[in-house]
Every structure is written in C-alpha cells, then in structure tokens.
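Hello,

Here is the structure we talked about.

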Amino acid sequence: MPVTDSELTQRIVAASGPPAVDDLTTFLRKRFAERRAEARNLPLGQAQQTVASIDAQEAVLDELDASLSTGKPRPYIDALLYVAGRMGGQFDTHPDYRHGWRP
C-alpha cells in the first residue's frame, strides 16, 4: 500500500522527534558538502554536472527551510519533505542515516 504524503511527514517527524526535519536537512547538507569537495577531483564536465545536481538538491532544502519558517500550506511542506526523504535515500548506507527518514 502506498504511503501518503501526510503519513510520510509523520514518519519523518517521528523518526527523531520534532527536530527530525532539521536533522534530515543537516544530514543532507553535510553529505552535499562532502560531494561538492569530491567534485573538485573529477574531470571538469563531470564535476560541473555533479555540482549542478548538488545545487538543485540544496535548492529544495532551502525551499523546505523557508517554507517551514514562513508557514506555507501543509501540503506544500509535505511534498518538500517527501522529496527530501527521497534525496536522503542516496545516502542510506552512511552510518548517520536514519532509516525512519525513508519514504
């Protein structure tokens, strides 16, 4: 049975209590910073593609942070949380990853 966005939001928040969203975005920002540093060692074209991908993912996190602080409608925030949870999946083997973040 598919998980609804609302259920996903509840799972993410329940993963570590109310700071779960901050924990997820902090975790993702750290991983993106690591990837950005690694991109310096890639060939120019590949590095540009990697950095562009990181920039796009960070834009989603920026929008999520802004939406939480400005009181955007809940369905909008739920959608951003879903995307952030999916982005976290790329790091699911990292020791700091919390499987409760998984959509």
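**Aromatic pairs**

The structure holds five aromatic pairs. Rings of Phe, Tyr and Trp (its six-membered ring) pair if their centres lie within 6.5 Å; planes under 30 degrees apart count as stacked, over 60 as edge-to-face and the rest as tilted.

This is a predicted model: local features need pLDDT of at least 70, side-chain atom pairs count only at pLDDT 80 or more, and totals for chains, interfaces and linings use all residues. Residues are numbered from 1 along each chain as its sequence is written, and side-chain values use heavy atoms, with hydrogens and water left out.

One of the pairs is Phe-27 with Tyr-97. It is tilted, at 6.0 Å centre to centre and 55° between the planes. Helices here are DSSP runs (H or I, at least four residues), numbered from the N terminus.

Phe-27 is buried, at 5% relative accessible area. Tyr-97 is buried too, at 6%. Buried means under 20% relative accessible area, exposed over 50%, partly exposed in between (1.4 Å probe, protein chains only).

Phe-27 also pairs with Trp-101, again tilted: 5.2 Å centre to centre, 45° between the planes. Trp-101 lies in the segment after α4, 74 residues from Phe-27. Trp-101 is buried, at 1% relative accessibility.

Phe-27, Phe-32, Phe-91, Tyr-97 and Trp-101 make up one aromatic cluster.

Best wishes

Note on methods
Helices (H or I, at least four residues) and strands (E, at least two) are DSSP runs, numbered from the N terminus.
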